[in-house]
Amino acid sequence: MPKNNSRIRTKGSDLIFSVILYVICILFLILILYPLWFIVIASFSDPSAVAGGHVWLWPVGFTLDGYDELFRQKEVWIGYKNTILYTLLGTFFGLAVNISAAYSLSRKDLWGRKALMSLYVFTMFFSGGLIPIFLTVQKAGFYNTFWVLIIPFSVSAYNIIVARTFFETSLPPDLFDAAQIDGCGNLRYFFTIALPLSKAVISVIALWTAVGQWNSYFNALIYIRDENLYPLQLIMRNILITNQNFAALGTGEAAMIAMRRANLVRYSMIIVTTVPIMCVYPFIQKHFDQGVMIGAVKG
Amino acid sequence: MKTGFQKTLKRIQRNWGLYLLLSPSLILLIWFAYKPMYGVIIAFKNYKNALGIVGSPWADPLFKNFIRFFNSYQCEITIRNTLVLSLYSMLAGFPIPILLALMINQITLKRFRKGFQTVLYLPHFISTVVMVGLLLIWLSPSRGLIGTVYGAFNSEAPNLMASARAFPSLYVWSDIWQHAGWDSIIFLAALSSIDPSLYEAAIVDGATKIQKMRYIELPLILPTACILLILRAGNIMNVGFEKVFLMQNDLNMPSSEIIATYVYKMGLKNSQYSVSTAVSLFNNVINLTLLLLVNGITKKLGNTGLW
């Protein structure tokens, strides 16, 4: 630490520092919030006002046409239903599989613990690759079924590490010893004592899994052909990205109007699929931070 | 006196409940992670669907599928694009979360700090599909943000999504926009574990805020930063498929065709199972080697390795 006469300057330079800090923070806030706010107001605005560049801060020519048209499309409803099912079942299944594995691996008296753990960890660094995994899933009969998005890829080495660390650090071993003397076996201890004491880590992993399920599209893209099984993200991909250029093929006023309407539907689609996650997020933010912290301790 | 084997057996038997808890995940892991690893042998075979993995004949010469990839013109392009995207995001994306964490740590107004963090983490929860959809909307020349901005100056906006030159920057900076805030959490955790007596000593010495940052906070989050950098370096050939695939179009293809998208197209679109597997195996092996190498080097240098 340099010990030159900085005491005299301290107040002035710190004040300037704080002012610059808050200015930068506010710039960052605008940089993140404005692009999102733009989508919100554009989804409620007259599409030609958006195209003309008249929409800046508030909706211009308020309309609900985008939402109206969006909800008249059958596949959006199907996608919504599927995604909710995938999220609920996938989260439940993922929790059951990963939390119980994590508990086992947290117990020091588990024979073969180290070897088993490295079996899980290794999958984080190496995989068979797309085609071998595809062939395995196909052969197992999961291809183009509802369950492919729930069962085969539910094991997560990362989540297991996080939960294991939690069990190791916050469940005192004496507790199990005492329970054992009272005649409580491993399974009963896990379900009646360990689980109720671990709500924090369970909720963190549940949230991670749920957000992942809600947002994922890769597995559906590869393993699902039946349009009735499509999750929302895949339907959204078609509306938002793949069909991006179709309207541009036509010319003239009619094509122009069609294109603007399609854009309006896109804005609405983004709002409708993202708002559910964004709504729960502030309430669960605390847990998310906690989870990352637990994971960070693992080193 | 019992033998060691009997003792082990006893231990396993006593904890049968634990193995029962472990079994579902272990079965799935072996089935869907380790069995495909055995399946990589099709990289050395002429895979025929009807004959299956074991029944298909060996490739002649054994490395035929690899040689085919190395001789194809996509080889150089995909490897180069993958490296460009990955190095670019590493260099640009690495310092920003650290800076954000240092900034957040300096905010003394509690409520502002909380609100700032909430907003910063928000984009992390947007799905990849929506993120790319947003990019298309913001960057569309005829409408959206960029069109509006250029329109205000009465000039024509460039079509960035169709530009091969702009692709790496778009990919990297949109990723930073989305995830830098979230990635700063881990550094905040490291910052919160700093011993308060260090700050007290600094205050006694009359250190300014910037000096505290430079001489206390930065050195103390360096180990965390090192570990993360190792992880990133070990994944240098691993650029996520999802976002690149969604951002890809015919016009930006020269810089957006990466190994992962090539593997997908080769395998699932063209049904060239063996070649596709060879490419991904090549990629995975390089990754694993790099990870081990970097980890070994940092251990030698006396820093903490990953394991």
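## Interface of chain B and chain A

Across the interface of chain B and chain A in this predicted model, 17 residue pairs are in polar contact, both residues being at pLDDT 80 or more. On the side of chain B that touches chain A, helix 2 (residues 16-39) of chain B gives the most, with 20 residues. By class, that side of chain B has 64 nonpolar, 22 polar and seven charged residues.

The count of salt bridges between chain B and chain A is zero. The contact involves 97 residues from chain A and 93 residues from chain B. The size of an interface is often expressed as the accessible area lost when the parts come together. Between chain B and chain A the buried area is about 9100 Å², and carbon and sulfur atoms give 76% of this area.

## Fold of chain B

Chain B has 17 helices and zero strands. Its C-alpha trace spans about 80 × 75 × 40 Å along the principal axes. The radius of gyration of chain B is 25 Å, whereas a compact globule of 307 residues would have a value near 19 Å.

Of the 307 residues in chain B, 51% are buried. Among contacts in chain B between residues at least 6 apart in sequence, 63% join residues at least 24 apart.

## Salt bridges

Over all chains, the whole structure has nine salt bridges. One of them joins the side chains of A:Arg261 and A:Asp65, at 3.8 Å from N to O. A:Arg261 lies in helix 13 (residues 252-296) of chain A and A:Asp65 in helix 3 (residues 65-71) of chain A, so the pair ties together parts that are 196 residues apart in sequence. A:Arg261 is partly exposed, with a relative accessible area of 31%, and A:Asp65 is also partly exposed, at 35%.

A salt bridge also forms between A:Arg113 and A:Glu168, whose closest N and O atoms are 2.4 Å apart. This pair links distant parts of the chain, with A:Arg113 in helix 5 (residues 113-125) of chain A and A:Glu168 in helix 7 (residues 157-170) of chain A, 55 residues apart. A:Arg113 counts as buried at 16% relative accessibility, while A:Glu168 counts as partly exposed at 29%. Elsewhere, salt bridges that share partners join A:Asp65, A:Glu69 and A:Arg261 into one network.

In a further pair, A:Arg107 forms a salt bridge with A:Asp109, with 3.0 Å between the closest N and O atoms. A:Arg107 counts as buried at 8% relative accessibility, and A:Asp109 is partly exposed with a relative accessible area of 23%.

Definitions and conventions:
Residues numbered from 1 in each chain as written. Chains lettered and ligands numbered in written order. Predicted model: local features only at pLDDT ≥ 70, side-chain atom pairs only at ≥ 80, totals over all residues. Heavy atoms only, no water. Contact = heavy atoms within 4.5 Å. Buried area = accessible area lost by both parts, 1.4 Å probe. Salt bridge = Lys/Arg side-chain N within 4 Å of Asp/Glu carboxyl O. Polar contact = N/O pair within 3.5 Å; in protein donor to acceptor, adjacent residues only side chain to side chain. Helix = DSSP H or I, 4+ residues; strand = E, 2+ residues; numbered from the N terminus. Nonpolar A, V, L, I, M, F, W, Y, C, P; charged D, E, K, R; others polar. Rg over C-alpha atoms; globule rule 2.2 N^0.38 Å. Buried < 20%, exposed > 50% of the residue type's maximum accessible area, 1.4 Å probe, protein only.
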